[in-house]
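Please keep the sequence and the model at hand while reading.

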Amino acid sequence: MQQPTSAVHLAVNASLASTAPGRPVTPSSVAGNIVYEGTVLKKRRKRMQGFARRYFTLYSSGLLSYSFEPGQPPRDQLLLTQAAISTSPGRRDIHIDSHNATFHIKCLTEEDFDKWMAAFRKILAQEMPKSRRSSLARSASRGGLTFSRASMLVDEMGATIAQLESALITFRDQEQRRKRTSTRSKSDIGYHGKDHGVLGLFRKGHHHEPPHLAVPDATGSAESPSSSELVISMATALDQLKHQHSALSKTFHSYPSIDTNASGTVGSPLPSTAEEEDEVHTPSTAGPHHKRMSAFSSQSDGSVWFDAPEYDGPEEYLLDTTPAEESQDKELFYTDSRLTDRTETTEIESSTGMDTDSESEVAPEKELTEELAVIHRRTSLPSGPVGDEGSLFAVLKKNVGKDLSKVALPVTFNEPLTMLQKAAEELEYYDLLSQAVQSQDPVERICYIAAFAVSTYANTKHRTGRKGFNPMLAETFEEARMRFIAEKVCHNPVIMAWHAEGDGWELYATASGKTKFWGKSMEVIPQGTIHLKLGEDHYEWNRPSSFIRNLMMGTKYLEHVGKLVVKNTSRGDSCTLDFKEGGYWGPTNVVSGTVNSSSGKVLATLEGKWDEQMARKLDSSHLHVLWRITPFPKNAMQYYGFTTFGITLNEVTPDLEGKLPPTDSRYRPDVRALENGDLDTAEKEKQRVEDLQRERRNKGRERNPRWFKQVGDEWIYTGGYWEQRQRGWTDVEPLW
């Protein structure tokens with residue numbers, strides 16, 4: 001049976017008296033009869049320990065417990081009817097959050113997933129009629145939810161009816177075969193549906209059932225074991241159908257004015273879990289009548305959880321109505337010379353909020369004039385990673401303490417972007433600089449700049465194992481959305497220079513770095529100062545080190561640790577940001593900061609995470625959100641963990657055709673081959689391009705930087721690139 005592609009959330013009262021190991025466990029005699037039991041994979045409590053096989057048991061009282069093996073004492077338990085369940089059918093994931101305890105479960109097969117969800121829904125169906133009106137009213141007030149519970153029940157009832165019909169047909173065939181072989185007369189067989197259980201439910205008035213729907217009388221021939229099993233199967237199906245029909249009836253009676261066929265997206269009061277990588281959303285602000293969001297409370301497995309709203313009874317929410325088989329390549333996003341705004345100047349006064357997508361979708365039916373005014377950018381890559389990444393540890397263990405920029409790695413360790421393109425990727429949230437320009441308050445202005453500095457790390461959230469291609473000397477890359485131009489200016493050591501500008505701001509840097517392997521982790525040490533000019537003010541900052549952890553074993557993850565000081569060299573004020581090292585149990589990716597005057601007085605306090613958001617703390621109850629991350633594409637993990645912005649960087653859109661110089665990174669054949677999934681061609685082209693550079697160097701014809709000149713330790717943009725772009729690139733020779 002085809003799995004539904006949308007994730008369904010069953011949300012109920014978040015307050016639960018759950019038990020953790022060491023607390024009393026409810027005896028099975030009190031819990032009731034076993035509804036379903038089996039072995040699944042459960043996420044372990046400790047960080048980076050993955051999943052382990054555990055034996056789960058669901059009782060008729062709604063109690064769900066697990067143990068190491070069947071028959072062993074329970075390790076932990078929670079009450080299903082007082083928990084929140086979120087499911088991802090495509091990955092067979094079930095996340096059960098009881099506010100005091102959380103089970104992250106992965107079923108072994110699709111059949112197991114269906115059976116567990118059927119058992120869960122059977123338990124929850126008993127509670128769904130309670131307080132449905134108040135639950136929906138509260139949910140609707142949080143985000144204008146579209147009611148879809150009725151349509152979900154209709155689908156479930158259709159499946160159950162089909163199951164019952166199939167059982168009836170089989171039963172009828174067996175009965176007919178039994179009659180043909182029986183020596184008894186028809187008068188010896190009783191057809192009294194009223195006295196014989198299951199099929200009597202279909203009797204209307206005094207009409208008699210047709211013979212093929214009747215159950216043999218007890219006085220007749222003994223019922224075969226197969227017939228007995230069919231009767232039990234039909235009884236079970238009918239029982240489920242009765243529960244579903246009852247809930248559906250109450251739905252129609254309680255909400256007569258709601259269109260149950262609406263198919264809009266339904267918001268969920270539940271936060272995203274750590275395992276829901278295809279639904280990576282971030283919290284946003286909600287209505288003004290809720291208390292402040294507890295951004296770092298209720299930690300679970302390193303994820304940020306938010307205070308759950310209270311509910312009187314079970315409620316079901318449909319998060320996504322887009323079928324999985326629909327390719328995201330068909331989606332069109334409207335963009336112009338500027339990215340759409342992603343941040344809002346708002347106060348966070350809510351514990352939960354509706355997830356939003358900052359990109360605005362456009363329908364395929366566009367007016368011709370409008371089609372000419374927009375750029376349709378892709379939302380996925382032609383291919384994901386091909387082949388095994390290989391063992392990074394096997395390569396690095398031979399180079400302990402060495403500068404890894406001089407160590408040659410196979411193309412399987414690369415991602416389809418050059419280091420120049422990755423520099424542009426860090427400036428995705430450049431609109432923060434425009435907001436800083438518009439601000440008249442110098443404290444608010446430096447807060448926006450600090451938020452921008454933090455946002456440059458957001459694209460690394462799902463990037464740990466692969467590196468960008470090393471550019472050729474004099475290779476360039478442009479990104480017209482923020483008038484970004486980058487060029488490799490030195491080969492040994494590797495140094496790149498870049499420059500970007502917008503209305504009222506100018507940003508530039510000389511970028512280089514070192515990498516060192518320390519046994520269990522690898523350190524990336526950025527070098528070079530980033531400069532920002534806003535009117536009369538000049539800001540500078542240097543970036544802290546980044547570490548790739550768990551190189552030898554476990555799940556690799558990226559961590560940025562150290563101080564980042566944004567200093568206004570014109571006025572003397574500064575903002576000090578502390579990228580905190582994650583603890584074993586505490587929150588991860590936390591960034592805190594303070595804005596200080598030239599005399600050292602604290603003027604503002606910042607808090608947030610580099611992979612979520614940054615906010616200015618106004619008082620004990622209010623935050624001013626400066627920046628919030630744009631949600632990653634749902635298929636990000638299938639495409640190197642790229643952001644939506646990053647996916648577009650190597651694309652040659654119609655507005656770029658004929659305008660790029662032959663030295664632009666988009667024309668590199670090895671990068672293009674890797675992006676298309678042709679690993680062999682990528683390896684050959686990478687070798688060919690590097691050999692051409694060595695040949696130029698040996699013959700004394702090495703290319704010199706064209707758009708940047710060295711001034712002291714810095715490389716400064718000389719100008720003229722965009723003017724030359726208008727005239728054409730007839731005098732520029734290709735590098736490959």
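Does Asn589 count as buried or exposed, and at what relative accessibility? The model in view is a predicted one, and in it Asn589 has a relative accessibility of 14%, so this residue counts as buried, the cut-off for that class being under 20%.

**Confidence**

The mean pLDDT of the protein chain is 74, with 62% of its residues reaching 70 or more. Residues 1-23 have a pLDDT below 50, yet this stretch has 93 contacts in the model beyond near neighbours in sequence. The pLDDT is also below 50 over residues 183-225, where 44 contacts beyond near neighbours in sequence are found in the model.

**Backbone geometry**

Most residues other than glycine have a negative phi, and most peptide bonds are trans. Tyr640 is found in the loop between strand 27 and helix 11 (644-647), and with a relative accessibility of 7% it counts as buried. The peptide bond from Asn492 to Pro493 is cis, with omega near 5 degrees, and Pro493 belongs to the loop between strand 15 (484-490) and strand 16 (495-502).

Strand 26 pairs with the strands on either side of it in the chain, as the table sets out.

| Strands paired | Sense | Bridges | Residues between | Opposite residues |
|---|---|---|---|---|
| Strand 25 (602-609) and strand 26 (613-619) | antiparallel | 5 | 3 | Gly608 and Met614 |
| Strand 26 (613-619) and strand 27 (622-628) | antiparallel | 6 | 2 | Asp619 and His622 |

Strand 25 and strand 26 form a hairpin, and strand 26 forms another with strand 27.

In soluble globular proteins, nonpolar side chains tend to be buried together. Here the largest nonpolar core has 66 residues, and those with the most contacts inside it are Phe484, Leu507, Trp541 and Leu577. Helix 10 (residues 442-455) gives the most to this core, contributing 10 residues. Apart from this core lies another one, of 21 residues, with Phe56, Leu78, Ile85 and Ile105 among them.

Leaving out residues up to four places away in sequence, the residues touched by Phe484 include Leu420, Ala423, Ala424, Leu427, Phe477, Trp498 and Trp722, together with Glu478, Glu479 and His499.

Helix 10 has 14 residues and reaches 20 Å from its first C-alpha to its last, close to the 20 Å expected at 1.5 Å a residue. Because 12 of its 14 residues are buried, helix 10 is largely enclosed by the rest of the structure. The buried residues of helix 10 include Val443, Ile446, Tyr448 and Phe452, and also Arg445 and Ser455. At the start of this helix, a side-chain oxygen of Asp441 reaches to within 3.1 Å of the backbone nitrogen of Val443.

**Buried charged side chains**

Asp537 is found in strand 20 (residues 537-541), and at 6% relative accessibility it counts as buried. Leaving aside neighbours within four places in sequence, Asp537 is in contact with Arg445, Leu532, Asn568, Ser570 and Arg571; one of these, Arg445, is itself a buried residue of helix 10. The side chain of Asp537 makes a polar contact of 3.0 Å with the side chain of Arg571, and a polar contact of 3.5 Å joins the side chains of Asp537 and Tyr539. Although Asp537 and Thr569 are 32 residues apart along the chain, their C-alpha atoms are separated by 7.4 Å.

Lys422 has its place in helix 8 (residues 419-425), and its relative accessibility of 18% means that this residue, too, counts as buried. Setting aside neighbours within four places in sequence, Lys422 is in contact with Glu415, Leu417, Arg463 and Gly468.

Methods
Residues numbered from 1 in each chain as written. Predicted model: local features only at pLDDT ≥ 70, side-chain atom pairs only at ≥ 80, totals over all residues. Heavy atoms only, no water. Pairing = 2+ DSSP bridges. Helix = DSSP H or I, 4+ residues; strand = E, 2+ residues; numbered from the N terminus. Core = buried A, V, L, I, M, F, W, Y, C linked by side-chain atoms within 4.5 Å. Buried < 20%, exposed > 50% of the residue type's maximum accessible area, 1.4 Å probe, protein only. Contact = heavy atoms within 4.5 Å. pLDDT = per-residue confidence, 0-100. Expected span 1.5 Å × (residues − 1). Polar contact = N/O pair within 3.5 Å; in protein donor to acceptor, adjacent residues only side chain to side chain.
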